[in-house]
Amino acid sequence: IDSTFAMAHYQVSKAYGWENGNGATGGHYLAAHQLADRLPARERMLVEGYVAFIDGRVYDAIDTFNEAVRLHPEDVEAWSLLGETYYHLGSQALEDPLAQSERTFGRALDLDPSIGPIHIHVIENAFSMNDSALARQRLDAFREISGGSPTLQASEISFDIAFGDAAARAQAFAVLDTTSFRDRNALATVGADLRHPSMLEARAEAIRRLLEGGTTTDFEFNLAINLSLTELDRGRWDDFYSAVVDPRMGVARPFQTYRARLLGLPVPDAVLRDELTLTEADTVSLDPSALPRLLVAAEQGREADVTAITRRWSAETDSLEVAGDSAGAETQRWLVEMLDARTQWAVGDPEGALARLEPLQREATGWGFLIPLNEILTLWVADLNLELGDTERAEVYYRATIDRPRAVLALARLRDDAGDTEEAAQLYARFINFWEDADPELQPQVDEARARLQEIVRERG
């Protein structure tokens, strides 16, 4: 078979990923991998790195693409794929996705300014930096190569919502109520652009309008998830729970409720009892929807209950291996290790738990469900290091979850204690942006951060 078939499968796989999400590659990436041994060394390295990226093996992907750009510093494809890996999965490798994707995408655009997908990501990065001038510059550059694409038009709407005056914002929101921008990618862009903490209220409003306008079932689910996370990050329980109980949330509801508990929202006792308490049925079934209830049981140190269930899950893991579902078996093993280690921490052995959870955080990487799962592990490891007095290691893990308010506040306090008041001030300000309109129960934390920020400003003159 001609080696070009491998590259053809590789290119088709990338096209599938851009159109439908990186997990949807039409099986072509596997075909490319199977034929990769027929390729020259450079192309083989690209395919192997891309397969690692699609498989969610983030460390393998980063290592492969870094080696590729070292050997071929003018290889725009390698720089682009390295940027994609940092952008989408970098936090799972304890990297700074914004800084690293800016560096690598910048190099790729220097080599070839015509790569549309990279323009989309660097526009999103400008929104993340809350930099209107940079966003405007990058939108104009994208227009030069794309004309009037739906994605560009959607990002222009995002720009008016984020940076426009009252009239521009009103007009932008009005456009979202029409059917002109029901394109899948355009919808994704509006939700993805409004990502700075100061934009969260506007982001929630934009997503609500998009949901009211209707779209495909799968995409409504993604929008519902994003709305719940947006309200979670704003610290607003009622708005969060209203999004969570939306029927479009489906089976994700209890898991999102657990994330709210982990990320600092005060979950009402009735919700904790009804949705996050282990049931009799959980002890006799292998239903994966029991996971959030198991996570709470593990945090509560209910060792006998957790162990009884994880033993059953371990037995099923062997069955999955026999059936040829190696990916399912691997995920199941991760869940068992995660639950057992969290229980170990709860019953008084934080050192032993950390020795298990730290390597697990590095191993359990990937797409879809593994993105929030890895975030949970990252926060647990950060908290464990802090509890055990290793503030330097705690900082590394909190930085990997810098898009979550409680991690920002923890990091601000750590930098403050270390005497780095300049970064501490930036982090306190970021936290205040997140929770400025949070629920009354959370406002004491905001008041404390604001008071300390004002004190630092006075001290620094």
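The structure is a predicted model, in which local features need pLDDT of at least 70 and side-chain atom pairs count only at pLDDT 80 or more, while totals for chains, interfaces and linings use all residues. Residues are numbered from 1 along each chain as its sequence is written, and side-chain values use heavy atoms, leaving out hydrogens and water.

**The whole chain**

- The chain has 25 helices and zero strands; helices (H or I, at least four residues) and strands (E, at least two) are DSSP runs, numbered from the N terminus.
- Of its 461 residues, 51% count as buried, where buried means under 20% relative accessible area, exposed means over 50%, and partly exposed lies in between (1.4 Å probe, protein chains only).

**Helix H24**

- Helix H24 covers residues 421-435, which is 15 residues, and reaches 21 Å from its first C-alpha to its last.
- That span is close to the expected 21 Å, where the expected value is 1.5 Å times one less than the number of residues.
- Because 11 of its 15 residues are buried, H24 is largely enclosed by the rest of the structure.
- The buried residues of H24 include Leu 427, Tyr 428, Phe 431, Phe 434 and Trp 435.

**Asp 233 and its surroundings**

- Asp 233 sits in helix H13 (residues 217-234) and is buried, with a relative accessible area of 6%.
- Its side chain makes a polar contact with the side chain of Arg 404 at 2.8 Å. A polar contact is a pair of N or O atoms within 3.5 Å; within protein, one must be able to donate a hydrogen and the other to accept it, and residues adjacent in sequence count only if both atoms are side-chain atoms.
- Leaving aside neighbours within four places in sequence, Asp 233 is in contact with Leu 200, Asp 403, Arg 404, Pro 405, Phe 434 and Trp 435.

**Salt bridges**

- The count comes to 42 salt bridges, each being a side-chain nitrogen of Lys or Arg within 4 Å of a carboxyl oxygen of Asp or Glu.
- In helix H13, Glu 231 and Arg 234 are three residues apart, so about one helical turn separates them. They form a salt bridge with the closest N and O atoms 3.0 Å apart, and both residues are buried.
- Helix H25 (residues 443-460) holds Glu 455 and Arg 452, again separated by about one helical turn because they are three residues apart. Their salt bridge has its closest N and O atoms 3.3 Å apart; Glu 455 is partly exposed at 33% relative accessibility, whereas Arg 452 is buried at 18%.
- Arg 261 and Glu 299 meet through their side chains in a salt bridge of 2.1 Å, N to O. Arg 261 lies in helix H15 (residues 253-262) and Glu 299 in helix H17 (residues 291-299), so this pair ties together parts that are 38 residues apart in sequence.
- Arg 261 is partly exposed, with a relative accessible area of 28%, while Glu 299 is buried at 18%.
- A network of salt bridges links Glu 395, Arg 399, Arg 415, Asp 420 and Glu 423.

Key:
Contact = heavy atoms within 4.5 Å.
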